[in-house]
Amino acid sequence: MALFGRRSAPSGGEKTRIFFVSDVHGSTVCFKKFINAASFYGADVLILGGDVTGKMVVPIARQASGQYLTQFAGSEHRFDSEADLRSFVTRTENMGFYPAVMDEDEFLSAKASPEAQDALFRQLVEERLREWIAYADERLADSEVPVYAAPGNDDFHEVDDILASSKRIRLIEMQVVPLAGRYKIITSGWSNPTPWDTDRECSEDELAERLGEMIEEVDDFDHCIFNLHVPPHDATIDLCPKLDEHMQVVYDLGNPVMAPAGSTAVREAIERYQPLLGLHGHIHEGRGEARIGRTVCLNPGSVYSEGVLNGLLVTLEGSRVRDFHFTQG
C-alpha cells in the first residue's frame, strides 16, 4: 500500500492513530485489506465507513453443454472449465459484484421476476457480509485494536444486524461512542436525497434532527469526531459529475461538469460545533481535504471496483489533528 500527503500541527499530548475507509461496496479484497490495516499501518483504531455492500448480481447460467455463460461489462463470457469459472467469480467479487451460478431455468425464472431478483440480491449480500464477519473475527481474534463500522445510504437496514453480530467489529450507527480515551465519535450513514432513492436518505431537515440527537450528548467538541457518511455541502470533497434529468452526465467542452452533492445539514453542524475532525465518504470522486473553521474534513474517496482500497491514516494528538496521510493499495 502507498502513503502520500501530509499535514502537521503542533504536538500536544498522547497520539491516537486512526485508519478510516469508506465505500468498499462489496469488494472482498478491499474489506480484507481494511482488516489487515491495523498491523500494516500500526493503527490504534479501525473505522469502516458507510456503503459496505455492493450494487449488482452477476448471474452465471450453467448450460446443458457443461459451459457457463454470463453477460458482464457489456460482453458475453463463456467458461469451459471450473478453474476459469472460479477465476471469474473471484475477480467479480473483488470488484464488488455478486456472481451467482445457477441453472438456465433458474436464470430465466429470476430474469422474469423483479421480486426474485431482489430476494437473490439480498441473500447474496447477507452471505458475503457473514463471510466477511467470520474473516474479521478470525484475523483479529488476538488483536486488541478496536474496529468500528457503520452502514451508508446504499446499505439496506438488515445490514446493521449482520455487522452487529461480529465478535470484533462494533456497529456504531447513530451512536455517540468513546474513542481512545478522551475522544468521542458520532456516526451517521444517512444522506440527503440522491438521484438513486437509496435506503437511508432523508430531507436536510430530518438529517439535521438525526445529527442533533447525537450532538446533544457531546460536551467536548475539541475532542469530537463527526463520522458522517455524507460530506458537507460545497466543500470540494463533495464534488461529483452533474447529472441531467435523464441521469446522464453533463459535459462542457468534453469534460464532465462537477457539482457539489454534500449535505447542508452536515455543513451547518460542522460550522456551528467545530468538531476536531470530520470523516466522510459517499462521493467517490471527492478524495481530499477541506477546512471548515478549525475542523479538518477528510474523504478518502473510493476506487473499490479496481480492487484498490483508498484510506486515511489520521493521527490525533490532544485536541489537534497532528497529521494525516491518504493511503492507496
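Q: What share of the contacts in the chain between residues at least 6 apart in sequence join residues at least 24 apart?
A: A contact is counted when heavy atoms lie within 4.5 Å, and among such contacts between residues at least 6 apart in sequence, 68% join residues at least 24 apart. The model is a predicted one, in which local features need pLDDT of at least 70 and side-chain atom pairs count only at pLDDT 80 or more, whereas totals for chains, interfaces and linings use all residues. Residues are numbered from 1 along each chain as its sequence is written, and side-chain values use heavy atoms, with hydrogens and water left out.

Q: What makes the radius of gyration of the chain agree with that of a compact globule?
A: The radius is taken over C-alpha atoms, and the globule rule is 2.2 Å times the number of residues to the power 0.38. For 329 residues a compact globule would have a value near 20 Å, and the chain has 21 Å, so the two agree. Along the principal axes, the C-alpha atoms fill a box of roughly 70 × 50 × 35 Å.

Q: How many helices and strands does the chain have, and what qualifies a run as one or the other?
A: Helices are DSSP runs of H or I with at least four residues and strands are runs of E with at least two, both numbered from the N terminus; by this rule the chain has eight helices and 21 strands.

Q: Why is Cys30 called buried?
A: Buried means under 20% relative accessible area, exposed means over 50%, and partly exposed is in between, with a 1.4 Å probe and protein chains only. Cys30 has 1% relative accessibility and therefore counts as buried. In the chain as a whole, buried residues make up 50% of the 329 residues.

Q: What makes a set of residues a nonpolar core, and which members of the largest one touch the most others?
A: A nonpolar core is a set of buried Ala, Val, Leu, Ile, Met, Phe, Trp, Tyr and Cys residues joined through side-chain atoms within 4.5 Å. The largest has 38 residues, of which Phe19, Phe31, Phe34, Leu46 and Leu48 touch the most other members. Helix 5 (residues 114-139) supplies the largest share of this core, seven residues. Apart from it lies another core, of 23 residues, with Leu207, Ala269, Ala290 and Cys297 among them.

Q: What makes the pair Ser166 and Asp137 a polar contact?
A: A polar contact is a pair of N or O atoms within 3.5 Å; within protein, one must be able to donate a hydrogen and the other to accept it, and residues adjacent in sequence count only if both atoms are side-chain atoms. The side chains of Ser166 and Asp137 are joined at 2.7 Å. Ser166 lies in the loop between helix 6 (158-164) and strand 9 (169-171), and its relative accessible area of 9% makes it buried.

Q: Why is Met174 called partly exposed, and what is its phi?
A: Met174 has 26% relative accessibility and so counts as partly exposed. Its phi is positive, about 55°, although Met174 is not a glycine. Most residues other than glycine have a negative phi.

Q: Where is Met247 found, and what is its phi?
A: Met247 is in the loop between strand 13 (239-241) and strand 14 (251-252), and its phi, near 65°, is likewise a positive value in a residue other than glycine. With 36% relative accessibility, Met247 counts as partly exposed.
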